[in-house]
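Visitor: I'd like to learn how to read a few features in a model like this one. Could you walk me through them?

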Amino acid sequence: MAIIKVTDDDIKVQSDSLAQLREYFSMRAMERGSSFTYDIHTYGCQLNESDSEKIIGMFQQMGLSDNKDHEGKDPDVVLLNTCAVRENAEDRLFGNLGEFKKTKRSNKDLIIVVCGCMMKVEENVNRIKKSFPYVDLVFDPQQLHRFPELLKESLNIKKQLVNVGTEDYIADDSLIPIARQRKFRALVPIMYGCNNFCTYCIVPYARGRERSRDFNSIIDELKTLESQGYKEVMLLGQNVNSYMGEDGKHTFPELLRAAAEMKGFSRIRFMSSHPKDINAEVIDIMASYDNLETHLHLPLQSGSDRILKLMNRPYNIEQYMSTVELFRSKIPDGAISTDIIVGFPGETEEDFQHTLDVVKTARFDSAFTFQYSPRPGTKAAAMKDDFISHDVVTERFGRLLSLQNELTFDSNKAKVGKVEEVLIEGESSTAPDILTGRTRSNHLINFTIPDELKVQGYSANDYEGKLCTVKFTNARPYSVDGVMESLKNE
């Protein structure tokens, strides 16, 4: 698969297309007497969320506004940014597309766009062509920077346009419009794609081969975010520890340290780390800077060396646990989260017991647990003779979930009585007058503000992005309660 650098000429084509689309939508809005709006649906991971922020930035440069700001109005453009990692995301997409069929019948001018990782799976694209001909535009993640050009072409030809390429583009993110959707947190991709080819995973096929962004471009973006008052940044990549800069001369520890030196950030996070690549230098840096989150997401996937080999995960449990032990010794108040797949083809009860043993020993603070689902095009999907019955997988999954829920509750209970710094994320959904936020270790905190600490004229969302100290008073299975003791940033 070819890796192609986006040129200045490519960027000019997109800039010209944006200008032409803005003129088109402006004329159409004048004809009907109301502005054009968009509605965007995002499935999947933070990288998809970041892609959607760029698409929204492009929509806004086209002169479109968010349909949420126009109560009672149907959107003019609907875009679905898809995820191919789990089967339920596909079910949601095709269910939603079925619903839009009725809307399209009543509004022939409705523009429907489908993009994202699912569009790199041939079966999904063929299904859209056959069963959803009213979808106007289909493109894959590598074509994101070409969205204005593709949308313009789709409007011109007035029939379904499918553009799924075989190239992996290296685009300068700083040249793509972006509309960040959170007041205090900024998502900053540092690399795209994956070279690991785990046998269960579609990502290398959907996101392409690893491409690292230019080191100086990332630093410039971080400095801009710092000057704009963002308090938290998340450095994103399928495997951030593989980052090497566009020129191959920079490392992830170098980038992480440079980010940590920017004192305007209260929190710097990163995700995800591959156990084969993370090293002691990263953990030492995490322990050395107060604005680096003391939370490490370290996907395990299975506790069985035999299953790890079948998954093409190039580490064993001894190596994995040495990283866990190093992290716990260097950052004793930190937290480790993980990913675990239950029911991978060929998994025996003994293999599953090994997973439970690792979970007990590592005492993960939280975990994302999944029942295996075959992804078309992956090697594991061809292991049909070794698929495990749904009943067995469900039973094992229940045991794992019960154990991990107990460990998560224990992690939360260990916080009770402590006072820690919390970055406020806004109003909690649990009850009125409750704020929510996270500690440096990524524990979810819901807390009240004593009357004497309340800021006159503030609504709950005015506290978003501010730092405070909270005394933890009560643990819940998935969160911790507390009371604010002081408010910073004032």
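Guide: Arg-375, for instance, sits in the loop between strand E16 (366–371) and helix H13 (390–413). This is a predicted model, where local features need pLDDT of at least 70, side-chain atom pairs count only at pLDDT 80 or more, and totals for chains, interfaces and linings use all residues. Residues are numbered from 1 along each chain as its sequence is written, and side-chain values use heavy atoms, leaving out hydrogens and water.

Visitor: Does Arg-375 count as buried or exposed?

Guide: Buried means under 20% relative accessible area, exposed over 50%, partly exposed in between (1.4 Å probe, protein chains only). Arg-375 has 3% relative accessibility, so it counts as buried. A polar atom of its side chain lies 3.2 Å from the backbone oxygen of Ala-84.

Visitor: How do the axes of H7 and H8 cross?

Guide: Axes are lines fitted to C-alpha atoms, for helices over the stretch in contact, and angles run from 0 to 180 degrees between N-to-C directions. Those of H7 (residues 215–227) and H8 (residues 252–260) come within 11 Å and cross at roughly 20°. Angles under 35 degrees count as roughly parallel, so H7 is roughly parallel to H8.

Visitor: Which residues make the contact between H7 and H8?

Guide: Contact means heavy atoms within 4.5 Å. H7 brings Phe-215, Ile-218, Ile-219 and Leu-222, while H8 brings Glu-254, Leu-255, Ala-258 and Ala-259.

Definitions and conventions: Helices (H or I, at least four residues) and strands (E, at least two) are DSSP runs, numbered from the N terminus. Angles under 35 degrees count as roughly parallel, over 145 as roughly antiparallel, 65 to 115 as roughly perpendicular and the rest as oblique. A polar contact is a pair of N or O atoms within 3.5 Å; within protein, one must be able to donate a hydrogen and the other to accept it, and residues adjacent in sequence count only if both atoms are side-chain atoms.
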